[in-house]
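Have a look at the structure first.

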Amino acid sequence: MADQSQQKAVQTTGHAWDGDLQEFNNPLPRWWLWTFYATVVFAIVYWILYPAWPVGNTFTKGMATTTFQTADGKEVTTHWNTRAEFIRDMQSGEEALKQKAYLEKVASASYEQILNDPDMMAFAQSMGRVLFADNCAACHGLGGTPAQIGSFPNLRDDAWLWGGSIPRIEQTIRKGRLGYMPPFGKVLSEEQIDALANYVLSLSGQPVDQAKAAEGDKLFHSDTAACYVCHTNSAKGMQSQGSANLTDQIWTVADVPGAATPAEKIERVKAVIRNGIQRQMPAWEGRLSDEEIKLLTVYVYSLGGGK
Amino acid sequence: MNQVLRMSEPAENTLYAPRKAIYPRSVKGRFRRLKWGVLGLAYGVYFLLPWLRWQRESGPDQAVLFDLVGRKFYIFDLVVYPQDIFWLAGLLMIFAYLLFFVTGIAGRVFCGYFCFQTLWTDVFLFIERLVQGERPARIRLHKQPWNGEKLLKVGLTHLLWLLVAFATGLTFVLYWGDAPELVVAFFTGKAPFAAYATTAFLTATTYVMAGIAREQVCTYMCPYARFQSVMFDKDTLIVSYDRRRGEGEQGRAKLGRDLKTREQRQAAGVGDCIDCGYCVQVCPTGIDIRNGLQIQCISCALCIDACDTIMDSLGWERGLVGYTSQRVEEGGDRARLLRPKVLGYAAVLLVAVGLLAWSVGNQAPFDLTVSQVRQPLFTRLSDGRIENAYEVKVNNKTGHDLGLTFSIEGLPDAELDMGRFRHIVLRPEQRLRLNARVKAHPRRYDGHTHPFRLVATPDPETGLPPVSHETVFYVPKG
């Protein structure tokens with residue numbers, strides 16, 4: 001152990017309290033002090049360069065600037081702020097330029113090339129997902145499936161009212177769609193509507209009153225109700241009209257799978273016949289760029305398209 | 001390390017203490033030779049490794065390259081992907097336990113021989129001595145007023161320091177890009193901003209830490225220096241002064257007229273220490289080892305070399321300053337090596353090294369992960385079947401093209417739909433995200449979730465085994 005006499009004595013602050021109470025002074029290294037001064041200098045430089053001090057109802061703007069382009073292509077230079085930095089980054093940042101290069105590649109490729117190229121498909125997936133979430137998810141749901149059966153078609157299943165091929169999907173996005181079925185509540189009697197509902201449900205194998213269904217069959221193909229005009233004789237629907245296939249298991253308006261009893265199922269179908277359908281998908285041409293529509297088309301196609 | 005504090009009158013009331021300049025004298029000896037060896041090896045590896053070329057089936061031809069943009073670390077024949085990040089945890093654990101293990105046995109070996117602060121300070125001291133001369137010359141230079149000679153010598157020292165610091169910073173940057181290309185780009189102003197910033201930062205820190213701050217880094221900044229004492233015990237090797245031999249009964253004494261030979265000194269009750277001060281002069285942290293174990297001591301062992309030199313010249317036996325342990329100092333026989341603590345560290349170290357080696361050795365040729373799409377959980381199809389969607393990620397870790405065919409196992413009568421990518425060919429090191437959809441009839445799979453495996457089978461000519469990933473198929477009730 002060290003000899004006590006050789007230990008350096010520790011200084012005190014020099015003041016004695018209550019006669020004998022003293023405080024040790026272990027001085028901090030000088031470089032520590034200089035480091036502290038350096039942080040003060042840093043702060044002052046920061047105040048000069050960047051927004052810092054509140055002054056009344058405004059603030060000191062600082063000397064640093066950011067230049068970015070507005071939506072209409074004008075160059076704007078503002079004092080440095082994170083929002084402007086973000087806009088500039090989205091326009092000319094390294095990642096933004098990479099994305100632009102990919103967008104150009106996709107824009108010049110045909111649908112067939114995109115669908116066969118796993119890299120471009122992966123890009124369409126990533127960017128399409130964001131575009132879909134921004135523009136489509138409000139109605140169709142974030143994953144392409146609306147929260148409940150009713151107003152908006154499910155894009156993940158294999159039933160496509162207006163067609164699930166690439167050109168049909170692109171046309172739907174570009175021009176929008178108007179889904180219309182006239183209300184039959186005032187045209188047909190309650191018994192006729194009941195018969196039709198029984199027939200429609202029988203087409204997809206639901207338990208129904210066979211006598212009423214036979215009656216409905218006749219009505220369906222008669223000119224009184226004239227259902228066959230749109231839904232076709234085989235009741236499989238027509239993509240040019242956006243009329244539904246009534247023989248499959250998919251329901252886009254009447255929530256048949258959600259009904260608890262057969263009677264409730266019939267009631268739900270009757271409500272559709274009685275009130276008709278009027279729904280609209282807006283046109284996105286002009287609101288989205290051609291590349292964005294292309295990416296969305298590929299994305300929606302990949303959800304469940306092809307039919 | 002029982003520091004005994006004594007009250008004293010305040011000599012001067014300073015709140016901040018300036019650094020006391022240290023001018024370490026050079027020394028020759030076995031530990032100095034060992035340290036030069038370690039330094040040569042470390043510098044050789046550090047400065048030359050980025051320039052070593054390496055042949056790979058695909059990827060860069062640099063032996064060690066940390067490709068941040070491509071998210072791949074190339075270390076000779078090993079390619080580390082982000083998925084292997086837990087290796088880093090393993091490596092850091094191994095380093096930590098190795099440190100505990102070595103410190104428990106031999107004290108601050110890392111500090112004295114391997115720490116880059118010590119190595120770079122050594123080189124900077126070497127430059128300082130080369131330009132300004134030995135310790136007395138440096139002290140004289142420091143004291144003399146500023147004139148041409150002082151300006152030239154001090155300026156040249158700092159210039160050379162900056163050069164070494166710059167080489168250090170630039171070399172570090174070369175590990176993160178293609179070295180020959182990056183060097184050309186660096187000096188033609190075409191390198192990325194990060195390269196310049198990193199080089200500038202490391203040049204500055206190297207210059208400040210090794211040139212100016214030096215021992216203050218170890219004393220004030222380094223956390224390891226502060227917690228190393230908890231790893232010490234009575235058997236830990238420490239650099240220590242043999243007080244009994246050195247001080248005798250009457251304390252140390254310089255070689256005087258009647259105190260020349262050992263016999264004379266022993267008769268006078270004086271110890272073997274001739275108080276030449278060589279051990280103090282060579283110390284890079286400016287302490288006197290004869291005051292016992294101190295927190296500033298980095299166990300560089302240069303004081304041992306210094307004392308051995310003096311003892312040799314006197315013809316006395318070496319070891320007045322040497323490696324010993326507290327147990328020996330207190331009269332014990334010799335340091336015990338097989339202590340529970342050391343054995344424990346060794347066991348943990350072995351397990352960690354074994355696990356890491358096993359994990360690296362069994363790196364899968366490709367990764368497959370499957371995650372179920374949860375929004376929506378399922379889709380009802382027109383024929384009444386239920387469809388679940390999955391996101392499949394594959395990552396080719398082989399150096400060549402890899403053909404993969406996907407299939408499912410454990411869901412009879414279910415259909416797998418992967419669009420046009422049921423069979424895909426991945427380029428070397430390619431990472432891909434694919435969509436998979438599985439369709440099955442709910443009557444067969446009523447109610448709940450059904451575990452199954454998605455299997456990726458490499459083309460037969462690759463000879464690689466299939467890799468599968470378990471996931472679940474969800475079927476709604478009713």
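The buried residues of helix H12 of chain A pack against helices H3 (94-108), H4 (111-116), H5 (118-135) and H7 (166-175) of chain A, plus strand E8 (379-380) of chain B. Here, buried means that 20 or more other C-beta atoms, placed from the backbone, lie within 10 Å of a residue's own, and helices (H or I, at least four residues) and strands (E, at least two) are DSSP runs numbered from the N terminus.

This is a predicted model, where local features need pLDDT of at least 70, side-chain atom pairs count only at pLDDT 80 or more, and totals for chains, interfaces and linings use all residues. Residues are numbered from 1 along each chain as its sequence is written, while chains are lettered from A and ligands numbered from 1 in the order in which they are written.

**Helix H12 of chain A**
- H12(A) covers residues 290-304 and reaches 22 Å from its first C-alpha to its last, close to the 21 Å expected (1.5 Å times one less than its number of residues).
- Its buried residues include A:Leu295, A:Val298 and A:Tyr301.
- Just after H12(A) comes A:Gly306, with a positive phi of about 115 degrees.

**Chain A overall**
- You'll find twelve helices and nine strands in chain A.
- Its C-alpha trace spans about 115 × 55 × 50 Å along the principal axes.
- Of the 307 residues in chain A, 27% count as buried.

Note on methods: Buried ≥ 20, exposed ≤ 12 C-beta atoms within 10 Å, placed from the backbone. Contact = placed C-beta atoms within 7 Å.
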